[in-house]
Amino acid sequence: MTSGTSRTSNRWLSKTAVNGVLLIAALYTLFPLIWLLTAAAKDAGNLLGGDVFSFEGFDLAHNLSELTAYQDGIYFRWYGNSLLYAGIGALGCSLVSVAAGYAFDKYRFRGKEKLFALVLLGVLLPSTALSLPLYLLAVETGTVNTYWAVLIPALVNPFGVYLSRIFSAGYIPDEVLEAARIDGAGELRTFWSVGLRMVMPGFVTVFLFQFTAIWNNFFLPLVMLSDKDLYPLSLGLYNWHSNANADPAFYPMVVTGSLLAVTPLIIAFVVLQRHWKAGLTAGSLK
Amino acid sequence: MNDKADPVRGTPDPATGTPGPAHATPGPATSPPGPAHGTSGPATSTPDPARGNDSRRPAKALSTRARTRLAAGALLTPFFVLFTVAMIVPVVYALWLSLFTEKQSGLGFDGPRTVFDGLGNYAAALGDQAFRDGFWVLLGYCAFYIPLMGGGAIVLALLLDTTLARARRFFQLALFLPHAIPGLIAALIWIYLYTPQLSPVVAAMEAGGIGFDFFSSAGTLPSIVNIALWEWLGYNVVIFYAALQAVDRSLLEAATVDGAGNWRIAFSIKLPLIRSSLVMVLLFTIIGSLQLFTEPLILSRGSGSAVTSTWTPNMYAYSAAFERNDYGLAAAASVLIALVAAVLSFAVTRFTHRKEARS
């Protein structure tokens, strides 16, 4: 920060050190992803014995066709399931969260802060400690091993409500709501056509967070589902991985399947950088 | 949503009549919509003029208050219904289940019976060496993981925040990307990278004369810490960096003018100012650590792995439910894990001068 002339070389050194450390850290995080990319393109022989960073034994097409062919393309059924759980779950969750966050922000009612404290308690509840009870409950209600068993818990994210309240306070000025009321709009209509529109960045952020959380969730589907047709990607890949010990032919399928599974999320994160950063910031500041 | 809007909007206060009952609708803010929908029928016709005359207060103010009350209820209900179904009920159900156990009847003719057992399951879990060992494993894991994660993330965020750093957006994205990888797949990738026949890492280490078995009993913990670190490091860096960016720049300039160096500024000004972020990350890291499951589960499936099926408390609960079919014990273990999380969260927030629930 100080740039006296005598310290130029010193500064150059510091600059190298700072960026060097950052570069090493970035290599650490990127290396396994690069490995995944090259490994996914290899046949089983080269995956087990070949050089990692070459595309030696390049056979991505073959791996993809294997993936498609195995059990009538069950992999893509899992893909569809993941999209379904994460897409519908995240959409429902963000709607519900934004509505609640808006209500917490814009309305005054008795017991509001107590109720909000309950929501915050929910944030701190370890989700896996919840998964087993959810399973036992699903057994009791006969919803175990159905789409609902995974979908319903996915609709709830107390942290989404917390974020939504912050976003609502930041994005929706009270005056606009007042104006809508004077124009004669009812409260829910105001929320739907004014509040929700204005808080859209928050909505997208909650959606993105929840989508990732559901896409990445493993424990809940693991306990809930036994029918392979209902599996999301993570559970399906786990299943194949368990087979790979006995049959190495599964290795390329696991690796290529993993690459396809992470691709949409990586793209989403690169494209929507602004939003996830906004979400992290809203969650951590103030 | 739009369909719902109309009936509710059609029932401003006249439905509830005089101000008395309207105020009496009690504490839980979730309750209004229930009754509100019930009463919405009769009130659908012209709201204000109907009662306008006989109400003692100005009708408009009154109706606004009831209207907002209904609206708040309608907006909160979906969340709290789901919250109840997916969080509160399971917790209560787990507490209930944890009090019962299955006993074989005398000669085994009738099959198992479910009997009330008080705190028996808790005693059984706590009395089980395997369960207690799980917490020791977690403690060891945290001893490695938390300093590495916290220290690493803070250092990287501070470096990013200096004027010396280049290509900040690239670094943020590069560091953050692992967070987009599902935990299961992250674990798979790393386990392949740990496997001698598959891994360039192991080969490189052997070429450098370092023989390290990631699956041995000594290697297990570092193996898992590394996976978790890889997944979460960038996420926390971005949180810290965002917080640092919000620090008032004029404050830093003033410190520079006063002769403070970069180190001094980092430790005496920046870090104290982002304390609430530090606390939040610590909190989520602890809660996350208690849930350790996916990575060791996958490691445990490898041949020759030192990870047992009850290695962490979560794995213990899982195996109690699915390998031993002892739901009472599984529920008790889950409750105990949640309880530990609650106590630790409370301790952390308490210890670091509790911050107000913001907003």
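Helix H6 (residues 127-141) of chain A packs against helix H16 (residues 313-322) of chain B at an angle of about 10°, and their axes lie 10 Å apart. H6(A) is therefore roughly parallel to H16(B), since angles under 35 degrees count as roughly parallel. The model is predicted.

- From H6(A), the residues A:Thr128, A:Leu132 and A:Tyr135 take part in the contact.
- Their partners in H16(B) are B:Asn314, B:Ala317, B:Tyr318, B:Ala321 and B:Phe322.
- The contact of H6(A) with H16(B) comprises six nonpolar and two polar residues, with no charged ones.

**Helix pair within chain B**

- Helix H11 (residues 220-245) of chain B and helix H14 (residues 275-290) of chain B cross at roughly 165°, and their axes come within 10 Å.
- H11(B) and H14(B) are therefore roughly antiparallel to each other, as angles over 145 degrees are classed in this way.
- H11(B) and H14(B) form a right-handed crossing.
- H11(B) contributes B:Asn236, B:Ile239, B:Phe240 and B:Ala243 to the contact, while H14(B) contributes B:Ser277, B:Leu278, B:Met280, B:Val281 and B:Thr285.
- Six nonpolar and three polar residues make up the contact of H11(B) with H14(B), and no charged residue is involved.

**Chain B overall**

- Chain B contains 17 helices and two strands.
- Of the 359 residues in chain B, 50% are buried.
- Among contacts in chain B with a separation of 6 or more, 67% join residues 24 or more positions apart.

How values were computed:
Residues are numbered from 1 along each chain as its sequence is written. Chains are lettered from A and ligands numbered from 1 in the order in which they are written. This is a predicted model: local features need pLDDT of at least 70, side-chain atom pairs count only at pLDDT 80 or more; totals for chains, interfaces and linings use all residues. Side-chain values use heavy atoms; hydrogens and water are left out. Axes are lines fitted to C-alpha atoms, for helices over the stretch in contact, and angles run from 0 to 180 degrees between N-to-C directions. Helices (H or I, at least four residues) and strands (E, at least two) are DSSP runs, numbered from the N terminus. Angles under 35 degrees count as roughly parallel, over 145 as roughly antiparallel, 65 to 115 as roughly perpendicular and the rest as oblique. A crossing is left-handed if the near helix is turned anticlockwise from the far one by less than a right angle, and right-handed if clockwise. Contact means heavy atoms within 4.5 Å. Ala, Val, Leu, Ile, Met, Phe, Trp, Tyr, Cys and Pro count as nonpolar, Asp, Glu, Lys and Arg as charged, and the others, Gly among them, as polar. Buried means under 20% relative accessible area, exposed over 50%, partly exposed in between (1.4 Å probe, protein chains only).
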